[in-house]
Amino acid sequence: MNYSTKVVQVTNVSPSTTSEQMRMLFGFLGTIEELKLFPPDDSPMPVTSRVCFVKFQEPESVGVSQHLTNTVFVDRALIVVPFAEVEKAKAAPSLMAESGPLPANRGL
């Protein structure tokens, strides 16, 4: 399957997981261009779950990374979905809400 995005959203990430651990896990699936974990490692806020965004160099890594869905990492089953990218030059602040997980296959 061809993906128009190079980004995946990983949810249900354990609060004790670090950026380095996520980089190690997803680094086996392709070259990582950028990785953001929210809240960040140094955040003083107590959290019950984290979200991670991984941008790969190759869009093919998006499909491969989805196979990690339901894989227990630290103490949680991860959920990995493609994430639509919006070009910053074209997107007005009000349009940023259009970014998000790509919809499931609609044509059944």
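Phe 53 counts as partly exposed, because its relative accessibility in this predicted model is 23%, and the cut-off for a buried residue is under 20%. The rings of Phe 53 and Phe 83 have centres 4.9 Å apart and planes at 70°, so the two form an edge-to-face pair. Because Phe 53 lies in strand β3 and Phe 83 in strand β6, this pair ties together parts that are 30 residues apart in sequence.

**Aromatic cluster**

- The structure holds two aromatic pairs, and in one of them the rings of Phe 38 and Phe 53, with centres 6.0 Å apart and planes at 70°, are likewise placed edge-to-face.
- That pair links distant parts of the chain, since Phe 38 belongs to strand β2 and Phe 53 to strand β3, 15 residues apart.
- Phe 38, Phe 53 and Phe 83 together form one aromatic cluster.

**Helix α1 and its cover**

- Helix α1 spans residues 19-27, and its buried residues are Met 22, Leu 25 and Phe 26.
- An α-helix has 3.6 residues a turn, so residues three or four places apart point the same way.
- Glu 20 and Met 24, on the other side of α1, are exposed.
- The cover over the buried residues of α1 includes strands β1 (7-13), β2 (32-38), β3 (50-56), β4 (72-73) and β6 (79-84), together with helix α2 (60-65).

**Nonpolar core**

- The largest nonpolar core has 17 residues, and those with the most contacts inside it are Val 10, Met 22, Phe 26, Cys 52 and Val 54.
- Two or more residues of this core come from each of β1, α1, β2 and β3.
- Once neighbours within four places in sequence are left aside, Val 54 is in contact with Lys 6, Val 7, Val 8, Phe 26, Ile 32, Glu 34 and Leu 35.

**Overall organisation**

- The secondary structure comprises two helices and seven strands, which follow the pattern β-α-β-β-α-β-β-β-β along the sequence.
- Of the 108 residues in the protein, 30% are buried.
- Among contacts with a separation of 6 or more, 63% are between residues 24 or more positions apart.
- The protein exposes about 7,000 Å², of which carbon and sulfur atoms supply 57%.

Note on methods
Residues numbered from 1 in each chain as written. Predicted model: local features only at pLDDT ≥ 70, side-chain atom pairs only at ≥ 80, totals over all residues. Heavy atoms only, no water. Buried < 20%, exposed > 50% of the residue type's maximum accessible area, 1.4 Å probe, protein only. Helix = DSSP H or I, 4+ residues; strand = E, 2+ residues; numbered from the N terminus. Contact = heavy atoms within 4.5 Å. Core = buried A, V, L, I, M, F, W, Y, C linked by side-chain atoms within 4.5 Å. Areas by Shrake-Rupley, 256 points an atom, 1.4 Å probe, with all protein chains shown as cover. Phe/Tyr/Trp six-rings, centres within 6.5 Å; stacked < 30°, edge-to-face > 60°.
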